[in-house]
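The sequence and structure come first.

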Amino acid sequence: MPIGTYRVMDGEGVPNGEVERFRCAPGPAGWRSVSEIDAVEPHPHAETVDITVDADWRPVRLRLDTGEHQLLARPAGDRLEIDLDGERRDLDWDPETELDYRSPAFNAVTVNRLHRASVTAADLSVVFFEPFTCEPRIVPQRYELLDDGPVTTPVGEFQAERWRYTALDTGWTRAVWIAGDVVVAYEGAWELVEYEPGAHGAIPH
């Protein structure tokens, strides 16, 4: 079970005071990641992000808890069943759709699904949940595999795939490095500052 801590930054490499602690592991039917975030916006609060996927890295369940807002989302056929603060908010759903929130776990899920399908570039329809409020909206995103090689982090050097992530609605784009099921580097946004690979995690040099 890999466990670790990210220092959260503002997208330009400046720490914003937030910290994300995560643990992830394969399970009988797929993979699960749980993060605890010390968030600062819109005011200091704690968040829980809990995502489960199946053996093909497709979402099975997402739970978000930001203190004032709680969300549970589950794909069910052609619908995404969403319970937000006790109110049902179903959306149209396609098996190729992804989920996203402000955690590197979602980049790891998407990249591993693309990798499993031998896809090196894709434009995706994504249900993105707004930070803190968890309000859902549909956004377009693009992932492109750039290369595979070493990346240096505060916890050591990993052999990792480097992907280009782009939010197509805003044009915001950054490089993301994934080793196994963990984002080990994320340009300007998250920095891995503590890490234990456990029995199955990528081991830094």
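Which residue takes a positive phi in the hairpin of β1 and β2? In this predicted model, the residue is G11, with a phi near 95°, and the hairpin has five residues between its strands.

Strand β1 covers residues 3-9 and strand β2 covers residues 15-26; the two run antiparallel and are joined by six bridges. One of the bridge pairs is M9 with P15, the latter in β2. From β2 the pairing continues to β3, residues 30-39, again antiparallel, with eight bridges. The hairpin formed by β2 and β3 has three residues between the strands. Within this pairing F22 stands opposite S35 of β3, and C24 stands opposite S33 of β3.

Strand β3 is also joined to β4, residues 45-54, by ten bridges in an antiparallel arrangement. The hairpin between β3 and β4 passes through five residues, and A39 has H45 of β4 as its bridge partner. The pairings are listed below.

| Strand pair | Bridges | Residues between the strands |
|---|---|---|
| β1 and β2 | six bridges | five residues |
| β2 and β3 | eight bridges | three residues |
| β3 and β4 | ten bridges | five residues |

Why is β3 described as largely enclosed by the rest of the structure? Seven of its ten residues are buried, so the strand counts as largely enclosed. Buried here means under 20% relative accessible area.

**Nonpolar core**

The largest nonpolar core contains 56 residues. The members that touch the most other members are L62, L64, L71, L80, L99, F129 and V184. For L64, leaving out residues up to four places away in sequence, the contacts are T48, V49, H69, Q70, L71, Y101, F129 and C134. Two of these, L71 and F129, are also on the list of core members that touch the most others.

**Cavity**

How many cavities of 30 Å³ or more does the structure hold? There is one. The largest cavity has a volume of about 80 Å³. Its lining is made up of 14 residues, and those nearest the centre are Y6, F22, S33, P104 and A105. Elements giving two or more residues to this lining are β2, β3, α1 (104-116) and β15 (182-186). By type, the lining of the largest cavity has nine nonpolar, three polar and two charged residues. Two residues from the strand pairing above return here: F22, which stands opposite S35, and S33, which stands opposite C24, are both among the residues nearest the cavity centre.

The largest pocket has a volume of about 650 Å³. It is lined by 26 residues, with R102, F128, P131, W172 and W190 closest to the centre. Strands β1, β2, β12 (136-153) and β13 each supply at least two residues of the lining. Strand β12 gives the largest share, three residues. The pocket lining divides into 13 nonpolar, six polar and seven charged residues.

**An exposed loop position**

Is T170 buried or exposed? T170 is exposed, because its relative accessible area is 60% and exposed means over 50%. This residue lies in the loop between β13 (156-167) and β14 (172-179). T170 and Q141 are 29 residues apart along the chain, and their C-alpha atoms are separated by 9.7 Å.

Definitions and conventions:
Residues numbered from 1 in each chain as written. Predicted model: local features only at pLDDT ≥ 70, side-chain atom pairs only at ≥ 80, totals over all residues. Heavy atoms only, no water. Core = buried A, V, L, I, M, F, W, Y, C linked by side-chain atoms within 4.5 Å. Buried < 20%, exposed > 50% of the residue type's maximum accessible area, 1.4 Å probe, protein only. Contact = heavy atoms within 4.5 Å. Pairing = 2+ DSSP bridges. Helix = DSSP H or I, 4+ residues; strand = E, 2+ residues; numbered from the N terminus. 1 Å grid on protein atoms, 1.4 Å probe; cavity = no way out; pocket = protein on both sides within 12 Å on 5 of 7 lines; lining within 4 Å. Points joined across faces, edges and corners; volume = space filled by probe spheres on them. Nonpolar A, V, L, I, M, F, W, Y, C, P; charged D, E, K, R; others polar.
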